[in-house]
Amino acid sequence: MRDEKGTELSNPNPNPNPNPNPNPKARREGLAPRAIAILGAGFLVVAASLSLEAAPPATIIGPIPADAAGSGSRNAIHSASAIELAAHGYVEEEFFIEGTANNYRADAQNPMADAVIESKGHRYKTRLVVRRPQAEDFNGVVVVEWMNVTGGVDKDIDWWQSGEHLVANGYAYVFVSAQQMGIDNVTAWSPERYAGLDATHDGMVSGDASSYDIFSAVAQSITRAGQEAQAGAIDILAGLKARQILATGHSQSASRLANYLNGIHTLDPVFDGFIVHGGGGIIRDDQPVKIFKLMAETDMLRRAATPQPNTNNFRQWEVAGSSHVDVPFEIEYGKVRNQQDGLSIEDVTPRDSGCELPAYSSVPFRDVMNAAFEHLVRWVDEDRAPPIAEPIQLARAFPSVEFARDEFGNVLGGIRLAEHAVPTAKNTGLNNGNNRFCFLYGSHEPFDSATLNALYPNKAAYVERVNTVVEQNRQAGFILPAAAERTRREAEASGLFER
């Protein structure tokens with residue numbers, strides 16, 4: 001099993017065997033909740049009786065007192081949300097988690113076989129951040145994100161994409177710094193606040209081998225509906241109890257989640273569903289969890305030649321014209337950086353990319369991701385699978401992938417949002433240049449007036465076409481009503497047309 005930067009997974013082993021019970025906890029009723037000391041012996045007995053491979057329980061410490069986000073203090077929470085939380089009744093708190101982890105070895109001949117424990121007892125201490133609503137607003141779903149560390153920075157990218165949706169709909173959210181690069185980043189930013197955090201067992205563990213059990217331990221610390229929190233235990237959700245626990249992660253984190261799903265989660269299931277976003281190879285679907293794979297156009301360049309079929313437990317959606325790093329990503333990242341420095345988060349714009357083409361697709365990937373969250377919740381609750389989406393079309397697959405494109409260079413196939421299907425620009429997932437991340441940034445090249453006038457006789461014709469596509473996507477389930485309404489308003493307010 002490899003990271004996003006390593007070799008793609010191979011040797012697929014679909015072997016679908018859907019479990020009619022979508023809750024992986026159904027066979028693990030003895031799972032213990034969080035604790036201020038190591039989680040109780042009762043859990044260990046139950047875990048040993050049901051799964052000899054269970055991730056070891058852990059200790060929760062906190063919440064850790066913090067200065068206000070935006071104060072410029074290095075005693076604030078690193079990566080604190082730049083989305084307004086208090087006005088929506090949300091609380092943001094940081095905790096530390098410490099314990100010991102197993103390190104696992106994948107089957108070299110079959111990366112999708114259950115991994116085996118290679119060594120045990122590896123000490124770690126890291127952090128998690130909770131964003132939770134008031135009890136009356138909680139929808140019962142907890143989303144746990146694996147922090148992305150590409151570029152050396154601890155980043156909650158899926159929160160940047162869908163945080164506003166999660167807040168508006170009463171989700172609880174937790175992010176986990178599971179990898180040492182992220183821990184190094186936050187420790188360098190605030191050596192005093194994050195002193196003592198380490199996921200390497202004092203340098204004995206390499207390759208983030210303990211990250212998988214760290215991620216599991218955080219999920220184990222969440223009390224499920226029907227359970228009682230252990231007496232004296234720290235409750236990171238302050239009394240909220242989860243109906244579902246979902247995992248998500250972007251890019252490099254998605255590849256870690258794919259590895260986790262293929263070899264480790266099967267040993268001791270703690271999540272009900274996964275959104276694997278923008279990374280990861282073939283994922284085994286013979287386990288009783290629901291797996292959504294969401295891919296931008298950028299992401300399919302490496303994967304389109306070896307597609308994974310949709311099944312009862314697996315769905316893949318590909319968003320035409322979208323980029324791995326897009327405009328909303330850039331804006332939210334800019335807000336977080338400004339907030340940590342005590343600067344204004346208003347009027348933030350994307351960075352100058354230094355790429356050959358104007359960077360950052362404006363196709364709103366987050367609209368599809370928000371819809372995917374709602375489908376995943378229903379899928380877990382009701383075993384009602386999301387709609388199947390057309391893949392991005394290929395002009396050729398071998399020896400290298402080339403996408404099929406229209407006369408303007410926009411890709412064909414995939415989920416076609418109105419911003420792509422009724423174009424006012426060439427939006428792609430591809431770019432290049434001196435910046436080593438240009439290949440992730442995609443491109444956005446607005447049409448000139450002559451092209452716009454040739455496509456749309458007038459603004460009313462443009463708005464009509466947008467409305468048609470928006471309604472098709474809403475009815476198909478690829479976007480939610482809020483996104484549909486916003487897209488209509490933006491079309492009506494467009495200043496691109498002279499008449």
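R193 and E94 are both buried, where buried stands for under 20% relative accessible area, exposed for over 50%, and partly exposed for anything in between (1.4 Å probe, protein chains only). Keep in mind that this is a predicted model, with local features needing pLDDT of at least 70 and side-chain atom pairs counting only at pLDDT 80 or more, while totals for chains, interfaces and linings use all residues. Residues are numbered from 1 along each chain as its sequence is written, and side-chain values use heavy atoms, leaving out hydrogens and water.

The side chains of R193 and E94 form a salt bridge at 2.7 Å, N to O, the term meaning a Lys or Arg side-chain nitrogen within 4 Å of a carboxyl oxygen of Asp or Glu. R193 sits in the loop between α3 (180-189) and α4 (211-220) and E94 in strand β2 (residues 91-105), so the contact ties together parts 99 residues apart in sequence. Helices (H or I, at least four residues) and strands (E, at least two) are DSSP runs numbered from the N terminus. R193 and E94 also belong to a network of salt bridges with R127 and D154.

R105 is partly exposed, at 42% relative accessibility.

Now for the loop between α4 and β6 (244-250), which holds both E228 and K241. Their side chains meet in a salt bridge of 3.4 Å, N to O. E228 is exposed at 63% relative accessibility, and K241 is partly exposed at 29%. By the same rule, the count comes to 25 salt bridges.
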